Amino acid sequence: MGASQTRTEDVFQELSEKTGFSLEQIRILHKRFRQLSGDEETISKENLEKIQALDKNPIRNQIIEAFFDKRNQNDGEVGSSREIGFQQFVKVMCHFKPPTLKMTTEEKEAIRREKLRFLFNMHDTDDDGTITLDEYRKVVEELLSKSGAIGQEAAKAIADAAMLEVASINVPHMEPHEFYEGITFEHFEQILKGLEMESRMNIRFLDVDTSTMHCGKSQ
Amino acid sequence: MALSCHQLGSFPPRLSVYVLLIVFVAAASASHDAPQDGTHDPTNVTHKKAFPVLLFNYDHVRTPFEISLWILLALLMKLGFHVIPRVSQVVPESCLLIVVGLLVGGFIKAIGEKAPALDDTLFFLYLLPPIILDAGYFLPIRPFTENVGTILVFAVVGTLWNAFFMGGVMYGVCQLEGGQLASVDLLSCLLFGSIVSAVDPVAVLAVFEEIHINELLHILVFGESLLNDAVTVVLYHLFKEFSAVGTVTVLDGVLAVVCFFVVSLGGLLVGSIYGVLGAFTSRFTSHTRVIEPLFVFLYSYMAYLSAEVFHLSGIMSLIACGVTMRPYVEANVSHKSYTTIKYFLKMWSSVSETLIFIFLGVSTVAGPHAWNWTFVVVTVVLCLVSRVIGVIGLTYVINKFRIVKLTKKDQFIVAYGGLRGAIAYSLGFLLPDHHMKTLFLTAIITVVFFTVFVQGMTIRPLVELLAVKKKKETRRSINEEIHTQFLDHLLTGIEGVCGHYGHHHWKDKLNRFNKTYVKRWLIAGERSMEPQLISFYNKMEMRQAMLMVESGSSAKLPGLISMQNIQPKVESRGRTIPKISKGREEEIRRILRANLQQTKQRLRSYSRHDLFADPFEDMNENLSEMRFRKQRVEMERRMSHYLTVPANRQETPPVRRVRFESDDQDYTSRESSGVRARNIGPNSSPADAISVLEESPPLRPNRRSDGGVRRSAEHGAQATDDDAEKETGEPQTQGRRVSDPGPN
């Protein structure tokens, strides 16, 4: 018992160093992980689907999928895992850490690129490295899915307009017969340059005791 | 006056400004002349005078005349500055205006007249509200709510710190100095401190607007200047009451804290109520579009005045009203009303600002002054010192809670941007006659001058020097909007997975509440159901459409990329003849011919040919005009291409012109009252998305015939492209609105 506990602590320490989370934050995440997995070692999609807080979220499926996407593990693999362990869970959460004050501009750029990569992977569902028009359409459709009966038409038009914009910005002169395959990662970076992902795509990982946060709602 | 400006255009600019100045002064002093006696002696009936051809009766129009004159001349000054290019780049406008005020005041005094002072009724009731309303109505909500914690800390804690620190140290200095200052007691010093400690929104706006720093810093300083009003009000009243009495007890302190909450929350409440009322009223204005802007202005002004009645924070009330009202009003009012509101607000706030600065200058010269070197210098120094210490200290604490920390550069700008302005002066003016009043007023004026001149002038080069991030100039693109929304949902989802209810969770809840309950009540018609992404898309389309109209079509066609370039290709399945009815074909040919024949055909001629009836506002005509021009250009470019493109495409046809259900119903319901151009917006996608709508049957019954005629005409013209471009497998009912009223 004691041995396994120290081993866990070691694992936490290692994780903390690798990912940049503090030890306290890792412990909290671990508690949450155990909660979600029902005290198992791994969580599967069903575990995440049970979370009530995600019910009303229009992009629920994409979010859940993102946890199991091997590309987000930065291992070089592609495809989707069926279950993930705590390490992978933390790895995914890592994408939502804010840059610290002491980082240089290059480090901030690297962080921004990482976050954009995460978003890109969420959109690029067939793992081919580009976001095609259909994939983009699906994204907009999902976004509008919980917003009422606007229907596919609106989503299509918006996605088309957005795609056009990407193409116009990145490849300004195309002949009528040329075909813009899809949004590559570089183009994606280019169009979202103005959003400053490193400041926006963050959540607060507070050093707070999770036992006070249940309120009976989350699972 | 205006004429003289043009005549002087040929003179060297500097000379013209001097001449204007002299004219200004002459007229201003003339307005103070003793009233002329222009009336006839009523008892003089015995002698018959000649019938008076020309009379001089100035008294009659005196007040409005003077007011108009001041405003007019102030604006001419503002015009004049931009004639001298170099000066206006170095010196912010506010400084120049104060200098003008000084000069005018000086001249008036030299002539021996009494210069008008910036009295508090004029300032607080007439000059300040437009500026605050303008700021509040156009407050960028997202950055404001993201940083509201930081802003509140700066506003409340920062101002308190400033007030007490300054008051305390001033008292110490006064005691040390002795002499004239020894009689200044602690409470008076605290009162003085509370007046001078608040960052002034007018000055901040005036200076920051010209330096274009990034959104975060702008909203921090500006938000602080707005929200510290509550603190200032409470402190001011507290110390004013008690400096009369002489002592402050603990109970009074507690009551003051309670008062603070009442003042600020009460102000917000009053503002929100009026805001909701305004939004609700705007729901019913579809038949009286012309008075829509007035509702916005009046409700807001009433919010301000109502808050002032109860000594609540008028500024916070005004801000709350504008912020609450805006999303719903914008969804309800016509496009013209929206433009009117925007421009009237900008105009009034501009005039107010100009007048405030000029009057500040005039009052400086006019007012009684009591100069005391120690007091004034210490005040100025202390202002700076306390501000810097306050900002640094607070940032240290705040950064522990912020996700994106404030850097040293940011802190510097926030500290340096804490300008004092006319509010401080007016509050000083409002002081009861006090033996120290003139001393205080002099010190306040000096601080105001110092901050506006020194800090205002140097902040621009400092911003350049420190390479502070500037404001992003480009407009938000649809991709950014999509991803902003996507991010919102993503972050809310991740927070849900993490299990803690953060910032995003509550924001999401608020949005959902807004959508399900509030919007239904406050937005007319079907727009209440419209998701934000779609509203944004519509607005963007509209903007691009207007851009095209203004630029005269072909010059600025956005990009050469069209839908073809992004559509996945499919193998052509052979070309088949489009199944069009004869009548349709004829119409199409006629339209094509008409389009290609003339290059400069005005849109009106189309309407005479009965292609569409247009009972609607100008905007619709402009848009249609734009669309026709665009089509013409497109057609001229790709005419041959159309006719040879393989007809068959995939099942889901490329681009559809979007016609949302909401749009259609809206359109028909508003036809009689003048359609908002917005409804036409979605038709003009950035590229030549000249597509045909694949309708769902429920939409059909909503169409009325005259509207339908118009639509069919547009469709007709555009359908030509479509027919040529699209495949034949398509149900032919698309776009054949009226002539083929049958279902798909």
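How many salt bridges does the structure hold over all chains?

1. The structure is a predicted model. Over all chains it holds 22 salt bridges.

2. A:Arg34 pairs with A:Asp39, with the closest N and O atoms 3.3 Å apart, and A:Glu41 pairs with A:Arg34, with a closest N and O separation of 3.6 Å. A:Arg34 is partly exposed, because its relative accessibility is 24%. A:Glu41 has a relative accessible area of 58% and is therefore exposed.

3. A:Asp39 also deserves attention for its backbone. The residue lies in the loop between helix H2 (23-37) and strand S1 (43-44) of chain A, and its phi is near 70°, a positive value in a residue other than glycine. Most residues other than glycine have a negative phi. A:Asp39 counts as exposed, because its relative accessibility is 54%.

4. A positive phi is also found in chain B. Phi of B:Ala467, a residue other than glycine, is near 55°. B:Ala467 belongs to the loop between helix H19 (437-466) and helix H20 (478-498) of chain B. With 53% relative accessibility, B:Ala467 counts as exposed.

5. A further network of salt bridges in chain A links A:Glu109, A:Arg112, A:Arg113 and A:Glu189.

6. In chain B, B:Glu224 forms a salt bridge with B:Arg387, and the closest N and O atoms are 2.9 Å apart. This pair links distant parts of the chain: B:Glu224 is in helix H11 (residues 215-245) and B:Arg387 in helix H16 (residues 373-398), 163 residues apart. B:Glu224 is buried, because its relative accessibility is 2%; B:Arg387, at 5%, likewise counts as buried.

7. Helix H12 (residues 250-282) of chain B includes B:Ser282. B:Ser282 has a relative accessible area of 5% and is therefore buried. Apart from neighbours within four places in sequence, B:Ser282 is in contact with B:Tyr328, B:Val329 and B:Asn332.

8. Helix H13 (residues 292-309) and helix H15 (residues 335-366) of chain B pack at an angle of about 45°, their axes being 8 Å apart. H13(B) and H15(B) are therefore oblique to each other, and H13(B) passes H15(B) in a right-handed crossing. From H13(B), B:Glu292, B:Pro293, B:Val296 and B:Phe297 meet residues of H15(B) including B:Ile341, B:Phe344 and B:Trp348. By class, this contact has seven nonpolar, two polar and one charged residues.

Terms used. Residues numbered from 1 in each chain as written. Chains lettered and ligands numbered in written order. Predicted model: local features only at pLDDT ≥ 70, side-chain atom pairs only at ≥ 80, totals over all residues. Heavy atoms only, no water. Axes fitted to C-alpha atoms, helices over the stretch in contact; angles between N-to-C directions. Helix = DSSP H or I, 4+ residues; strand = E, 2+ residues; numbered from the N terminus. Parallel < 35°, antiparallel > 145°, perpendicular 65-115°, else oblique. Left-handed = near helix turned anticlockwise from the far one by under 90°. Contact = heavy atoms within 4.5 Å. Nonpolar A, V, L, I, M, F, W, Y, C, P; charged D, E, K, R; others polar. Buried < 20%, exposed > 50% of the residue type's maximum accessible area, 1.4 Å probe, protein only. Salt bridge = Lys/Arg side-chain N within 4 Å of Asp/Glu carboxyl O.
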